[in-house]
Amino acid sequence: MASEVIMPKVDMDMATGKISKWFFSEGDQVKKGDVLFEIETDKAAMEIDAQADGTLRNVTGREGIDIPVGSPVAWIVAAGEDVPDAAAPPPAEAKAEPAAAPVDAAPVAPVVSKADSAGGAVRATPLARRLARDKGLDLAGLSGSGPHGRIVGADVLAAGAAPAAACAARSAPAPAVPAPGPDAALKHFPDDSYTLQAHTGMRRTIARRLVEAKSTVPHFYLTADCRLDALLTLRTELNAAAPSVDGAPAYKLSVNDMVIKAYALALTATPDANVSWTEEQLVRHRFVDVGVAVSVPGGLITPIIRHSQAKSLSAISNEMKDLAARARAGKLKPEEYQGGTGAVSNLGMFGVREFAAIINPPHATILAVGAGERRPVVLQDGSIAAATVMSVTLSTDHRAVDGALGAELIGRFRAFIENPMSMLV
């Protein structure tokens, strides 16, 4: 029986995928489990296996173009079997056209499936529903640009600034601010003074998610200074005591590994801050899963250390090294970077003294970590001495975590950092 090969959905936010490489050609024999092709999603590269034995036919999914999720890219047929005519896909170029428009672009004429809104059920994200309520917009009057016509926050925001004919407004809308055209910025620069680089899928996703987070999540910030001398001494002792495996140390702890552990323990000790906000309820997490921002070519990604509160420093260190290496190679699985109950972003290794990070929902907090540097400090007897001090800034979603609770969280983090032996017992 002929088996249709489609562009799979391997990421919650994935609307399109791009085939970076086919491993078989038209007419090749394939076996179930063979790697058919590799796709490039917004955040990673993944290999897609054949689901049946047979001959590869009608390969319409071309390399290097955006293909909507669910679109057929090829068929696998048995000997003597033809590709079903009724199910034959249209040319790949026709399917790739809708994907050329970014998901988060102003939806001048977004495509929505009639079936998705049939029967009165409107497909919309929780963020889109809340924004619609706040703006007095009827979701039934909007078109969705998300997967399968789902209405996303950007659709509601765009509708709020668009002419009233696009939707039924129940209250007076905010004054519309004309959006600059895509090339508006170029007029400020001479033609021969720049080159243009197309946005990657990852860059568009980062832009969309951070605009949504910064414009819809009410941030507030708490900064604390942490003395690192005891932690640095303990790290040196622990690394020196690492057992040897095949001639190499079994682990080599970094300051970031200890920051991850300290933040996990602080969230454990402050369970009211280990939460996620949704429009209908507060999600209280039973475990602490810390996302760690990792810079990758063209963007960043936050692989997650699951149950980090229960893991040893050496386990966190080795797991983080593995996740970071595979993140930079684009080999993370979606379950390795989706979710998380809090996050850490460390720019200390770049010499940054202090910064504030943008919360990445569903996290309610993110800890921005600066560089450890020698600074003068006042001791208990009033004298002044030099110490290694690290500044950290906690960004908090005020809908889920209030100021005093955030202060408890960052205070407990500082206590673990300044008394690092407490992380070992």
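Which residues of α5 are buried? They are Met202, Thr205, Ile206, Arg208, Glu212, Ala213 and Thr216, where buried means under 20% relative accessible area, exposed means over 50%, and partly exposed lies in between (1.4 Å probe, protein chains only). Before we go further, please keep in mind that this is a predicted model, in which local features need pLDDT of at least 70, side-chain atom pairs count only at pLDDT 80 or more, and totals for chains, interfaces and linings use all residues. Residues are numbered from 1 along each chain as its sequence is written, and side-chain values use heavy atoms, with hydrogens and water left out.

Let us stay with α5 for a moment. Helices (H or I, at least four residues) and strands (E, at least two) are DSSP runs, numbered from the N terminus. Helix α5 covers residues 201-216, and its 16 residues should span 22 Å at 1.5 Å a residue; the expected span is 1.5 Å times one less than the number of residues. The end C-alpha atoms of α5 are 22 Å apart, which agrees.

Now turn to a sheet. Strands of a sheet pair through backbone hydrogen bonds, either parallel or antiparallel. Here four strands form an open sheet in the order β1-β8-β6-β3, with antiparallel pairing. β1 and β3 (29-30) stand at the edges with a single partner strand each, so one side of each is left without a neighbour in the sheet. Two strands count as paired if DSSP finds at least two bridges between them.

Take strand β8 (72-77) as your guide through this sheet. Four bridges join β8 to the antiparallel strand β1 (residues 3-6), and Val5 has Ala74 of β8 as its bridge partner. Strand β6 (residues 54-57) also pairs with β8 in the antiparallel sense, over three bridges. Across this pairing, Leu56 stands opposite Ile76 and Arg57 stands opposite Trp75. β8 is mostly covered, with six of its six residues buried.

Follow the chain onward from β8 and you come to Val83, in the loop between β8 and α1 (92-99). Is Val83 buried or exposed? Val83 is buried, because its relative accessible area is 18%. Not counting residues up to four places away in sequence, Val83 touches Arg57, Asn58, Trp75 and Val77; contact means heavy atoms within 4.5 Å. Val83 and Met1 are 82 residues apart in sequence, yet their C-alpha atoms are 9.6 Å apart in space.

Thr396 counts as buried because its relative accessibility is 0%. Leaving aside neighbours within four places in sequence, Thr396 is in contact with Pro218, His219, Phe220, Ile359, Ala364, Thr365 and Val401.

Next come the charged pairs. How many salt bridges does the structure hold? The structure holds 13 of them, a salt bridge being a side-chain nitrogen of Lys or Arg within 4 Å of a carboxyl oxygen of Asp or Glu. One joins Lys331 to Glu38, with the closest N and O atoms 3.2 Å apart. Lys331 lies in the loop between α8 (313-328) and β18 (342-346), while Glu38 is in strand β4 (residues 35-40), so the pair ties together parts that are 293 residues apart in sequence. Lys331 is partly exposed, with a relative accessible area of 38%, whereas Glu38 counts as buried at 17%.

Arg375 forms a salt bridge with Asp225, and here the closest N and O atoms are 3.5 Å apart. This pair links distant parts of the chain, with Arg375 in strand β19 (residues 365-378) and Asp225 in strand β9 (residues 219-227), 150 residues apart. Arg375 counts as buried at 9% relative accessibility, while Asp225 counts as partly exposed at 40%.

An α-helix has 3.6 residues a turn, so residues three or four places apart point the same way. Arg326 and Asp322 are separated by about one helical turn because they are four residues apart in helix α8. Arg326 counts as partly exposed at 23% relative accessibility, and Asp322 also counts as partly exposed, at 37%. Finally, salt bridges that share partners join Asp225, Arg353, Glu373 and Arg375 into one network.
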